[in-house]
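Look over the sequence and the fold before reading on.

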Amino acid sequence: MKIFRVLSMLLAATTLLTVSSCNDEENEEPDPEDNIVVNGVINPTGEQDFYIRENYHLKKGTYVMKGWCYVEEGYTLTIDPGTVIKGDKDTKAALIIKPGGKAIIQGTKEEPIIFTSAQAPGSRRPGDWGGLIICGKAKNNNGTMPIEGGPDVTHRGDNDDDNSGIYSYIRVEFAGYPFRTDKEINGITFGSVGRGTQADHLQVSYCNDDSFEWFGGSVNCKYLVSYHSWDDEFDTDNGFSGKLQFLLSVRHPKIADTSLSNGFESDNNKDGSTATPYTSPVFSNVTFIGPIGQDPDFANTTQYITAGDLNPNNGSNLGTFQAAMQIRRNSRLNCFNSVAVGYPVGLILDNDKGTSQTWATNRDLKLNNIVFAGMTITGSDINKSWEDAWSEDGKTSDPSRSSFSTQFFLAQEGNASYESISDLMLAQPNSLEPNASYGPLSGSPLLAKTTAELFSDALLNDSFFEKVDYIGAFKSNVVADDWTAGWCNFDPQNTVY
């Protein structure tokens, strides 16, 4: 039995345990016999809101988490490597770090920390539990914001160096429970999280919403994996300005959202206003593996999106796929040295709200050294349109001209579009087959580059970025170059925890 103490306002009223949060010993770890985790269950009463108001250390073990568990401001949760936390479905379990709170969730390559479904192997579904939410006090462009998904948390601040803890070598599986219609929690949500936070080696699999979403903030991230999720892979909003390198996105051809699923979805804000700071993240070395080419029956239409045994039947609506990159609503997202294959649309620069096309023209939005392959069309200018036609307003189009998005993409330095996925010589980019591998083989056009040509832009002149001589997330298909090896799991449905 694993026992540690969490102080809850509700439980404090019904137990003899009394602890002052203001005494001289508030930084001492509690006696493990003063429990609130009973028989390996975090929050055993299952109350919806469960408040952690004490520094404490969760020892390595396997636990079930119930309800929405909040780490309050001024306190730190530490979780040992190798720990497994199973989210309870009935109580929509989620772990939420409030602004000013911290978590040290630091696994290792050999012993990652796993947040997964409490359902039995073979019966796990996207949305079995809530997810991991991290909030901080960095800047956003919308003031005090409620966090997406339903929890009672707001986030905002003015400290871009704010520190919300360490999040490293973590897997989040089958998260995204829909609290209400279109109110799902993401796999991992960052709300105004500052760059004093460490975030690396994070995998989100089979999430019922976006795998990763950033609402404002400045946190930098490396080595992220989005695998077979429902909606978007990497969603950036409300002035997010972090740096990100080495990301892998893999779609399942039968899982897509009614809102249309994208690799990148990026907005300055929902209204497309010019509120500052602008959403202006800098991505490098991303590999997007889209649905086309993974299943011979997939024909880029809504007809084939069925989810089958993976359908959670929880009110989430199935839809279809859209673009590897959708940049809209005044976003100034930047991406370099990346590859995307097998989407209905490569790039959408949408002017329906805001002027992302203007930012692209003015080079306030940069897309360089990016390779597309196996796209149905290279670009579209209208959301929910699969037509390569010119549009300046995101509504009406001129089919006599190719889209602004296509013309812009092909005109940028280092960009290329190949007709077939096989032209890129990826080792085995079909996630539905055994031993999938997304690294390039010798002779691939993603290789034989120089760091001078790939990292010449001033936005990449930062010590955060590792200067490499290849496009995409991987140098090759050999195990030594596979940074997912050892800690990622690409078959969580059948893993016994």
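Does Glu111 count as buried, partly exposed or exposed, and what is its relative accessibility? Glu111 counts as partly exposed, at 30% relative accessibility. The model is predicted.

**Overall fold.** The chain holds four helices and 31 strands. The C-alpha atoms fill a box of roughly 75 × 45 × 40 Å along the principal axes. Of the 497 residues, 61% count as buried. The accessible surface is about 18100 Å², and carbon and sulfur atoms make up 45% of it. Of the contacts between residues at least 6 apart in sequence, 70% join residues at least 24 apart.

**Charges.** The chain carries 38 positive and 65 negative charges, with mean positions 2 Å apart. The whole structure has 14 salt bridges. Three of them are listed here.

| Salt bridge | Closest N and O atoms |
|---|---|
| Arg53 with Glu72 | 2.9 Å |
| Glu111 with Lys60 | 2.4 Å |
| Arg251 with Glu233 | 3.3 Å |

Arg53 sits in the loop between strands S3 and S4, and Glu72 in the loop between S6 and S7, so the pair ties together parts 19 residues apart in sequence. Glu72 is buried, at 11% relative accessible area.

Glu111 lies in the S10 to S11 loop and Lys60 in the loop between S4 and S5, so this pair ties together parts 51 residues apart in sequence. Lys60 is partly exposed, at 43%.

Arg251 and Glu233 are both buried. A further group, Glu265, Asp267, Arg328 and Arg329, is linked in a network of salt bridges.

Key:
Residues numbered from 1 in each chain as written. Predicted model: local features only at pLDDT ≥ 70, side-chain atom pairs only at ≥ 80, totals over all residues. Heavy atoms only, no water. Helix = DSSP H or I, 4+ residues; strand = E, 2+ residues; numbered from the N terminus. Buried < 20%, exposed > 50% of the residue type's maximum accessible area, 1.4 Å probe, protein only. Contact = heavy atoms within 4.5 Å. Areas by Shrake-Rupley, 256 points an atom, 1.4 Å probe, with all protein chains shown as cover. Lys, Arg positive; Asp, Glu negative; His and termini not counted. Charge placed at Lys NZ, Arg CZ, Asp CG, Glu CD. Salt bridge = Lys/Arg side-chain N within 4 Å of Asp/Glu carboxyl O.
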